[in-house]
Amino acid sequence: MAVTYTYDDENIFAKILKGEIPCNEVYRDEYALAFHDIAPQAPTHILVIPTGKYVSIDDFGTNASAEEVTGFYKAVAKVAEQEGLTENGFRTIANTGDHGGQEVPHYHVHLLGGAKVGPMVMKAA
Ligand code: AMP
């Protein structure tokens with residue numbers, strides 16, 4: 001079944017992209033913005049978000065152009081390298097929707113590292 005994605009222009013990451021609220025930026029290009037998570041869950045916890053208006057990873061994968069998808073994941077790789085995560089490894093997480101525990105409805109990838117990050121996931125109920 002085709003899903004209709006409705007983007008909320010007032011979500012907190014939209015406001016960060018528009019410069020309406022600050023962030024602790026580590027990287028920015030045409031396709032992506034990366035900044036430190038405000039409530040870090042690991043010694044290094046960075047969020048990478050596309051500059052386009054996509055609600056979730058499935059919205060992004062379905063509706064973003066090939067150029068946007070490539071540009072975004074190239075940026076993820078650059079950020080991981082720049083922040084020293086590639087040497088010892090790191091975890092990427094993309095929470096999606098209600099069951100995925102997504103809080104902010106603008107697609108984002110969490111990069112977590114700087115130490116072992118523990119079990120992949122708690123068992124679902
Ligand atoms: P998620 O649950 O995957 O939607 O994750 C949203 C993440 O955004 C959480 O880890 C929050 O700590 C983080 N967050 C919320 N507001 C901000 C903000 N203003 N700056 C940086 N990170 C934020």
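Which residues does asparagine 11 touch, not counting residues up to four places away in sequence? Some notes on that and on the ligand site follow.

1. First, the ground rules. This is a predicted model, where local features need pLDDT of at least 70 and side-chain atom pairs count only at pLDDT 80 or more, while totals for chains, interfaces and linings use all residues. Residues are numbered from 1 along each chain as its sequence is written, and side-chain values use heavy atoms, with hydrogens and water left out.

2. Back to asparagine 11: it touches Val104, Pro105 and His106, leaving aside residues up to four places away in sequence (contact means heavy atoms within 4.5 Å). You'll find asparagine 11 in the segment before helix H1 (12–17); helices (H or I, at least four residues) and strands (E, at least two) are DSSP runs, numbered from the N terminus.

3. Is asparagine 11 buried or exposed? Asparagine 11 has a relative accessible area of 3%, so it counts as buried (buried is under 20% relative accessible area, exposed over 50%, partly exposed in between, with a 1.4 Å probe and protein chains only).

4. One of its polar atoms lies 2.7 Å from the backbone oxygen of aspartate 8, and the side chain reaches the backbone nitrogen of phenylalanine 13 at 2.9 Å.

5. Now the ligand. It is surrounded by 16 residues, the closest being Asp37, Asn95, Glu103, His108 and His110 (a residue is near a molecule if one of its heavy atoms lies within 4 Å of it). H1 gives the most to this shell, with 3 residues.

6. Oxygen atoms of the ligand pair up with several protein atoms. A side-chain N or O atom of asparagine 95 is 2.9 Å from a ligand oxygen, a polar backbone atom of valine 104 is 2.9 Å from a ligand oxygen, and a polar side-chain atom of histidine 108 lies 2.8 Å from a ligand oxygen. On its own the ligand has 500 Å² of accessible area, and the protein covers 86% of that (Shrake-Rupley method, 1.4 Å probe). The elements giving two or more residues to the ligand's shell are H1 and strand S2 (32–36).

7. Last, a contrast: lysine 116, in the segment after strand S5 (109–113). Lysine 116 counts as exposed because its relative accessibility is 85%. Lysine 116 is 27 residues from glycine 89 in sequence, and the two are 8.5 Å apart in space, C-alpha to C-alpha.

Terms used. A polar contact is a pair of N or O atoms within 3.5 Å; within protein, one must be able to donate a hydrogen and the other to accept it, and residues adjacent in sequence count only if both atoms are side-chain atoms.
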